Amino acid sequence: MARTVADQLVDTLLEAGINRLYAVTGDSLNHVNDAVRRTDGRFQWIHVRHEETGAYAAAAEAELNGIACCAGSSGPGHVHLINGLYDAHRSGASVIAIASTIESHQYGTGYFQETNTLKLFDDCSGYNQIAFTPVQFTRMLQSALQHTWYQKQVAVLGLPGDLTTQEADEGPTSLYLLKSKARLVPDDSEIRQLADLINGAEKITLFCGLGARDAHAEFVQLSQRVKAPVGYSFRGKMSTQYNNPNEVGMNGLLGIPSGLKSMEEAELLILLGTDFPYEQFMPKDIKIVQIDVRPERIGRRGKIELGLAGDIKATLEALLPLVAEKTDDSFLQTQLAFYRKCQERLLSYAEDKGERDRIAPEFVAHTIDQLAAPNAIFTVDTGMSCVWAARYLHATGQRDMLGSFNHGSMANAMPQAIGAALARPGQQVIAFCGDGGLSMLLGDLATIVQYKLPIKIVVFNNHSLGMVKLEMQVAGLPDWQTDMVNPDFAKIAEAFGMRGINVHEPGDVPGALQDAFNYDGPVLVNIFTNPDALAMPPEIEFKQVKGYLMSMGKLVLSGRMDEVMDQVKTNLKHVKDAFL
Ligand SMILES: Cc1ncc(C[n+]2csc(CCOP(=O)(O)OP(=O)(O)O)c2C)c(N)n1
């Protein structure tokens, strides 16, 4: 039998280096499912319990290994992909999504499960088409792969159910992904201009994002030559912090004061491969240079003196021979000394372990950092988990950290851990989950068990939407509708067929985590953490403190005095420190 469009899809994905797809089968997807079955294990169908999980998992796999695929069946099946695809698209993950649809002759009739995939996926993809004939399919599939690979945007291909069984077109165009590596280097005159700025400045700070990932040796060399402190964004942390003597920490909403100070006190700031979005943490009155391989991003976050379109490694390689060694390292030493002070302060929070059922999340994160493998992959939920990971996890050069860093969606960590575990078998995968986040896609614990993925899920169970609680307090609102009555997550894990461990006492944290990390299989460690642990941004404004005090005042008036005392006790120390 001639191969069908469904067979052709699977063969083409395999040839592009994609070995699996994440989906829930049904209706129009069933022939794709059958084509996967007939590969006899060469291509894997990962049956997730919610398509959003599939999209997040594919995004994680793409971030780690380059490219991945997810699919959704007609109507609601592919509608469920949306949030995960937004996340993938905004993270620059090369994900191809197959949106299976109703049969083509029913289009435009308001048919059962009909959607307009062109409208639906418009805002979360860079390539978005529907094929109605086999010839269109071959061309669109190849274009989708080229787009997602090079543009690092989601590509969606609408696939009407009736097309999947038709005979494949073996037409004249290429039906394979063509991968090529290119280096973008700024013009010589621009490199010279940058060298002149650097050679003429005394206080220089480098700030690295994920885009500087492949240029570690070069930016470390530059920083040492010009005695520059090196800060980083959240996404840049794991590729910047290690083996970097001039590292001064993270800046941004979840950053620490030294990351901010090193930028504010510089005379020249060089942004390397970062789309750092926080104006309030970007210095206003100094010279800023921005280098990015995606020049369309340059200038949108601050007043840029010089913007260079370039791959960071290639640009720095061209720059380094023109940069003179500096001798005065007083600026660098001041920043490093302040960073050490900040680190000591962070560690002091981790030393305070908390009390029964109010375990300090800082202590939990610090303990995980110490016990995790040097090449662990961490996934972190949006919410306070991000804060603890940003502050307490350390880069080693082999570790990775994935989160919903640009889209900022909850419930990302567990699904991303699924993608990470499949993409990197044999590597330790640890998910930092909020109790709110985990609850959202809880059903996919079943996927972890079904595919025997040895993921370690750590639940920071503060029985509240902690991040929002904090937001409300800072805005002067009494926190309301943020508390949760949770199930026993450890029992739930056991019911799903994985190990579950409840941790109530601070003293039990290291043992429970070690036990989980040693265990050859999936484990959920449910840790009862302090809901009032406070994360201050690197710089707090007077109005935020005022907001916090007002919110406390409102709680007093509403009679929630016990809560007020708990929160004040925990937070007073942090507020005082933030003003140091
Ligand atoms: C899908 C989604 N819904 C709502 C929000 C708004 N939001 C951001 S953080 C957060 C609270 C997260 O709570 P939890 O997962 O329990 O983590 P915690 O902050 O308590 O550690 C909420 C509701 C969001 N970012 N994404």
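Let's start with β3 and β4, which run parallel and are joined by 5 bridges. Two strands count as paired here if DSSP finds at least two bridges between them, and the elements themselves are DSSP runs numbered from the N terminus, with helices being H or I of at least four residues and strands E of at least two. In that pairing, cysteine 69 has isoleucine 96 of β4 as its bridge partner.

A quick word on what you're looking at: this is a predicted model, where local features need pLDDT of at least 70, side-chain atom pairs count only at pLDDT 80 or more, and totals for chains, interfaces and linings use all residues. Numbering runs from 1 along each chain as its sequence is written, and side-chain values use heavy atoms, leaving out hydrogens and water.

Now, on the other pairing of β4: 6 bridges join β4 to strand β6 (residues 155–160), again running parallel. Isoleucine 98 has leucine 157 in β6 as its bridge partner. So is β4 open or enclosed? It is largely enclosed by the rest of the structure, because 7 of the 7 residues of β4 (residues 95–101) are buried, where buried means under 20% relative accessible area, with exposed over 50% and partly exposed in between, using a 1.4 Å probe and protein chains only. Both faces are covered: Val95, Ala97, Ala99 and Thr101 lie on one side, and Ile96, Ile98 and Ser100 on the other.

Let's zoom out to the sheet. It is an open sheet of 6 strands in the order β2-β1-β3-β4-β6-β5, with parallel pairing. At the edges are β2 (44–47) and β5 (127–130), each pairing on one side only. The twist averages 20° from one strand to the next; axes are lines fitted to C-alpha atoms, for helices over the stretch in contact, and angles run from 0 to 180 degrees between N-to-C directions.

Strand β1 (residues 20–23) pairs with strand β3 (residues 68–72) in the parallel sense over 2 bridges, and tyrosine 22 has cysteine 70 of β3 as its bridge partner. Packing on the sheet is helix α16 (residues 413–423), which touches β1 and β2, and its direction makes about 160° with that of β1. Contact here means heavy atoms within 4.5 Å.

On to the rings, friends. How many aromatic pairs are there? The count comes to 7, with rings of Phe, Tyr and Trp (its six-membered ring) pairing if their centres lie within 6.5 Å; planes under 30 degrees apart are stacked, over 60 edge-to-face, and the rest tilted. Phenylalanine 207 and phenylalanine 276 make an edge-to-face pair, 5.0 Å centre to centre with 70° between the planes. That pair links distant parts of the chain, 69 residues apart: phenylalanine 207 is in strand β7 (residues 204–208), and phenylalanine 276 in the loop between β10 (268–272) and β11 (287–292). Both phenylalanine 207 and phenylalanine 276 are buried. Phe207 and Phe276 also belong to a cluster with Tyr278 and Phe281, linked by ring pairs.

Finally, charges over rings, which need NZ of Lys or CZ of Arg within 6 Å of the ring centre and within 35 degrees of the ring normal. The charged end of lysine 179 sits over the ring of tryptophan 149, 4.5 Å from its centre. Lysine 261 lies over the face of phenylalanine 338, at 5.0 Å from the ring centre. Phe338 is among the buried residues of α13.
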